[in-house]
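Look over the model shown here before reading on. The paragraphs below go through it step by step.

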Amino acid sequence: MSEANEKTRSLWHDTWDILKRRKIFWISLVLLVLFLVMAAFPTLFTHKDPEFAELARSMEPPSKDAWFGFDLQGRDVYARTIYGARTSIIVGTLATLGTVLLGGVAGVIAAYRGRWIDSLLSRVGEMFLGVPYVLGAIIILGTVAPVQSNPTKTMIMGVVIIVLAVLGWPVLMRIARSAVIQAKHQDYVQAARALGAGPFRIIFKHLLPNSLAPILVYSTITIGSYIGAEATLSLLGIGLRSPVISWGIAIADHTRYIRTGAHAMLFPAAFLSLCVLTFVMLGEAVRDALDPKLR
Amino acid sequence: MATPSEVVLEVRDLVKHFPLTQGILYKRQIGAIKAVDGISFDLHRGETLGIVGESGCGKSTLAKLLMALERPTSGKVLVQGKDIAAARGSELKHMRRNIQMVMQDPYTSLNPRMTVGDIVGEPFEIHSEVVPKGDRRKRVQELLEVVGLNPDHINRYPHQFSGGQRQRIGIARGLALQPEIIICDEPVSALDVSIQAQVMNLLDGLQKEFNLAYIFIAHDLSVVRHISDRVGVMYLGKMVELGKDTEIYDQPSHPYTQALLSAVPVPDPEGREQRERIILQGDPPSPANPPSGCRFRTRCWKAQDICAEQEPLLEIRANAGDHPSACHFAESEDVVHVN
Amino acid sequence: MIEVLPESAGSGTGSGALLEVENLHVEFHTRTGVAKAVNGVTYSVDAGETLAVLGESGSGKSVTAQTIMGILDIPPGKIAGGAIRFRGVDLLKLPEDERRKIRGEGIAMIFQDALSALNPVFPVGWQIAEMFRIHRGMSRADAKKKAIELMDRVRIPAAKDRVNDFPHQFSGGMRQRIMIAMSIALDPEVLIADEPTTALDVTVQAQIMELLAELQRDSNMGLILITHDLGVVADVADKIAVMYGGRIVENAPVHELYRNPTHPYTKGLLESIPRVDLKGQELYAIKGMPPNLLQMPTGCAFHPRCPYKQEKCVSEVPPLHTISGTRSSACHFWREVLDGDAQ
């Protein structure tokens, strides 16, 4: 009918068309880029050394040359907040990546093979889900992974990343599993089988491309919630610790001084909230655009 | 058309029971759904065998068995003498080149993330020996043209097409490997009335052009009559009557066939007051627990004691024409042309 | 029966039929534009009469029915004009609480998908009984007794034992009977059946159509049968309205429509369906596809698919030409169609 003006349009293309019309998508995208640049090039925002401590200026309130004031150790809060972005982004992204790998592979295997493998993986996942998150983290971080006396920054972050992924994968497995099961029963998968397609082709050409949307949405939101989770664990004193610079540590170090010097805690807390919100908003914008009911 | 030529597909005593299980980790079988329960027929080159029956009669399971998408509980599906139901691995893959399918739902049978070119070209990717890589795009475009689609639309996605056009894409995919047999599972029932004729005419034309043999599975008896040379009627996993289309439609001898035919509304109001319907009572029994003897006896007006005791075989019977009928009391009667 | 309605409330221009739809326009406002689903539909049904509304998906036949029932989702739907008169009163002008009284008691509806139309968490008997409790204020026990009576009337075997069963425990045909029981519970004067047998097997379809015909005979209901099935229509209809692209393209008594269609679409449809009683017929295929409601063709909506098309069809919307008393056709060239000379 409208042959001439109708070009080739994939479903991703349609999703993008919807996304680009949404204000919330652009707001979260701008914030995301801001945080990413902050994480990658903190020196663009500050020339101060976040490690430099001048005890004499401890808890000094915000002023013209130190916008966010100084913390307990007399370090510049603004510089530390900027540098904290890198830690949060790295922990959130890598932990999510680990979650997607663990949960995604388990979910695809469970859904594709079905039968006892599915039952086994699902039951194991439920066992993990049954343990409250913080409790699980305390147990692992406190007993199973006792860190030696002089850990490097990488080791401290690595342990937290692994703990988050290990505790988080069952949810992603469930999402991946149900998405793949749904795709698996579609006629086009039967048609591919009837053509003689092997499992590799069926999984990578047919099942995964059609299961990606919910995984993508959940992953985006998960980055945000892992950033929050890292801060929670740090606040409890079992997550990251010095010398790592992180919003969570900054909050933890200054909760006792909230009446006398709230600035040292409030600024990192505000950045933390905004960063979590950015990922959650982005995830929801993508979910709305992918939701077929709005089509 | 009706002259018997080479047999391309032989189905012998095909049985598929789906186990009913209970339990969470350890599953225990508590019964079985007898979806297909002993079906035999032949399909000749270039002919169309229609399979009709109501929901739950096992016709869709039969399609899956013929396509080796399900493994039968017992029985054989011989494609050119080789049993596809027993084939594995590369042998099975090679046999699939000869038997392809067209599915019912044009919306779910095409992968929404693939272009039309990728969908119709997928058979060549899987069977890479059929067409050399450089020629594939051209072959795909030829196929699109054969089914009446614009070959320039090769890069479009399925959602950019209407239901009828999508069904054509599915047909092009089925034709790609130049099979001798195509299983059509309700290929027009999801389409609008005005589009159904387009697709039926296309299937008709393709059959003549490529000498294809069709198994045409449908619930719509008018559609089946239009396209079929021979027709098999299924009820609860059994074939109850099998014959040439004129035999089935003009001299049906099984009571179920008669009831089915008389229930089909004729798109012509002339003489509708005189038309007598055989109205069956109740619903078909569950295939998990079919009646003993003749499975139709619980709804049959001819049923007697023997029907519960002895299963009627599909065979040629007195008073029932020259085609087989699975009824102890089979008797030909024209129920369609009563006025 | 519906004494709440003042007789003078209608605009008084109607022909006095039991239910009349006049020049109805319904639009849907979507992200991509305005879809004109119903574009000036006029039809009527009298007591004891069966009107078949024939059309394909997207023809507007179901939207018209939903508008009559007042169950159209607004928004995205919007009634852009027209009148729906029941016993002379324009329903579109009535306040919601008065319309609610007519729904069920005056006009009732059954749907294609009985499973989703019934509430899965309540027993079917309870759902039927609720009609009596709400509309008639009956006691629980009385309402249940009436429910069993109705289930008997729609021939559900062992109604007494099954009154407490849930919808999923019934077969498709039985569920459709339950829905019919609910719809006739309050003795409506008009019953709208929207594709009532499309989801059913042919032998069950025959049972349901027989039941509907019998109920209609007993209670003298007006029946509006909405369907795409030319076979079912030929069996039961008195008169037919054929819809295409949101318009009525042809009105005719049943025999005349099948014998001498006057619109190319009707004619094409009749020639495109295979018949169980004929062998070797050529199927005529209407070319192209049904129109996109967002981008309706200019002039006659059918012109891109029409073998009788002339320039006039592209530029001018054909009015509904009256051919004889009860026959009309929205085709500029209905005479040629009748004579059978395609251009």
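This is a predicted model: local features need pLDDT of at least 70, side-chain atom pairs count only at pLDDT 80 or more; totals for chains, interfaces and linings use all residues.

Residues are numbered from 1 along each chain as its sequence is written, and chains are lettered from A and ligands numbered from 1 in the order in which they are written.

Chain C has 13 helices and 12 strands; helices (H or I, at least four residues) and strands (E, at least two) are DSSP runs, numbered from the N terminus. The C-alpha trace of chain C spans about 65 × 50 × 40 Å along its principal axes.

Within chain C, an open sheet of 4 strands is ordered β2-β1-β4-β5, with antiparallel pairing; two strands pair if DSSP finds at least two bridges between them. Because β2 (33-45) and β5 (89-90) of chain C are at the edges with a single partner strand each, one side of each has no neighbour in the sheet. Strands β1 (residues 19-30) and β4 (residues 77-86) of chain C run antiparallel and are joined by 8 bridges. Glu20(C) has Arg85(C) in β4(C) as its bridge partner.

Turning to the interface, 38 residues of chain B are in contact with 37 residues of chain C, where contact means that C-beta atoms, placed from the backbone, lie within 7 Å. On chain B, α6 (193-210), α7 (221-227), α8 (245-250) and α9 (255-263) each supply at least two residues of the side that touches chain C. The most comes from α6(B), with 7 residues.

Notes. Two residues are in contact if their C-beta atoms, placed from the backbone, lie within 7 Å.
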